[in-house]
Amino acid sequence: MKITSNFDSGNIDIVSIDEKKNDIKLKIRKDTNSDFLQWFHFRLTGAAGLPCKISILNAGQSSYPKGWENYTLCVSYDRDEWFRIPTTFRSGVLSFQIKPIHNSVFFAYFAPYSYERHLDLVHQAQLSDHVRMEIVGQTYLKRDMEMLIIGKPRRNKKIIWVIARQHPGEPMAEWFMEGFLERLLDPFDSVARKLLDGALFYVVPNMNIDGSIAGNLRSNAAGANLNREWQRPSLKRSPEVYHVLKKMKETGVHLLLDVHGDEELPYNFIAASEGIPNYNEWMASMEKQFINHWMETCPDFQNTHKYPLDKFGKANMTLASNAIAQRFGCLSLTIEMPFKDNADYPDMHYGWSSERSKILGASVLNPVLKVLDDLK
């Protein structure tokens, strides 16, 4: 039997393989130039029909060890359907057992979203008459960053930015973007048509291409956590944020949606900007409208289980949603999805999945339309 991870978003180190006992011991590799670790993605071959025990020895040293509690692991034989199997987390070791029915099987923290699929996504989108693709800048490793400009420019249109995957090991964020784009570009969807009548969208489906390919959890290739770089991004350390923020300054921002995944909480929720110095009653009202309408139209979204609210003036201003709300005086929201499952509507076979992330991405058009006319 053999373990490999030398592919797009692969991450694992081999400690030992005992073929007599079918016992495999592994460790998660740290992010590039950083101490973050949690994302894994690897392949097991040569084990069809064998009852295997696989242990990740350093899970307890990961960035979010509570993320392993009640966690079910993603498994695939075809890299398309990712089902879940149970794990145990004891004494800092994450373990699971499987008897593969085929000779090659993939394991991942969440259903991966590959760079090839990313390229397919943006190039298929540009075929729409409503879309123009531009290269907004280059990553730390000089890869192009694709940005989709969606809608026909017109005076007084609202400017809506949607960005995802600042943290590369949160692929549910790009699955969300796929669903979002599919619906926004559906010519038969009246919500999408009305949004395109009133808004111009700037969409960056993957902010951290280098980290995604490298199999990182939170860092770019320089070791920067991009969602802590929004006060003073630099070309040297965080060019991805530097280029996008520069473009935002050119276009202005009436609404920002920043899409993420959360390792610990088994819910979909929003983190808002209540702690910024310029927070006001209008922002609070807009957040409430957006959140309430999303809950009314999508049962997968809720507002009970979420991060503790920031006290006024105490927000972390290096985060995108806080920095943009402060700079532009706009509605600015961080959307979080689970790595585990949605505890309100659990799915024992698939957990929170790529398909459910896409459906949630499509559903966000409803609250965006709800607040569109009041954005400023």
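**Reading a helix crossing and the core around it**

Visitor: I'm looking at Trp-294; which residues does Trp-294 touch, leaving out those up to four places away in sequence?

Guide: Trp-294 touches Phe-176, Ile-270, Phe-301, Ile-335, Leu-360, Ser-363, Val-364 and Pro-367. Keep in mind that this is a predicted model.

Visitor: How do I read that in terms of a core?

Guide: In soluble globular proteins, nonpolar side chains tend to be buried together. Here the largest nonpolar core has 92 residues, and those touching the most other members are Phe-40, Leu-44, Phe-107, Ile-150, Phe-201, Phe-290 and Trp-294. Helix α2 (residues 172-184) gives this core its largest share, eight residues. Another core, of 23 residues, lies apart from it and includes Trp-230, Val-241, Met-248 and Ile-324.

Visitor: Now the helices. At what angle do α6 and α9 cross?

Guide: Angles over 145 degrees count as roughly antiparallel. The axes of α6 (residues 281-297) and α9 (residues 365-372) cross at roughly 140 degrees, coming within 8 Å, so the two helices are oblique to each other. The crossing of α6 past α9 is right-handed.

Visitor: Which residues make the contact?

Guide: From α6 you get Met-286, Gln-289, Phe-290, His-293, Trp-294 and Thr-297, and from α9 Asn-366, Pro-367, Val-368, Lys-370 and Val-371. Sorted by class, that's six nonpolar, four polar and one charged. As for spacing, an α-helix has 3.6 residues a turn, so residues three or four places apart point the same way.

Visitor: Is α9 mostly covered or mostly exposed?

Guide: Mostly covered, with six of its eight residues buried: Leu-365, Asn-366, Pro-367, Val-368, Val-371 and Leu-372.

Note on methods
Residues numbered from 1 in each chain as written. Predicted model: local features only at pLDDT ≥ 70, side-chain atom pairs only at ≥ 80, totals over all residues. Heavy atoms only, no water. Axes fitted to C-alpha atoms, helices over the stretch in contact; angles between N-to-C directions. Helix = DSSP H or I, 4+ residues; strand = E, 2+ residues; numbered from the N terminus. Parallel < 35°, antiparallel > 145°, perpendicular 65-115°, else oblique. Left-handed = near helix turned anticlockwise from the far one by under 90°. Contact = heavy atoms within 4.5 Å. Nonpolar A, V, L, I, M, F, W, Y, C, P; charged D, E, K, R; others polar. Core = buried A, V, L, I, M, F, W, Y, C linked by side-chain atoms within 4.5 Å. Buried < 20%, exposed > 50% of the residue type's maximum accessible area, 1.4 Å probe, protein only.
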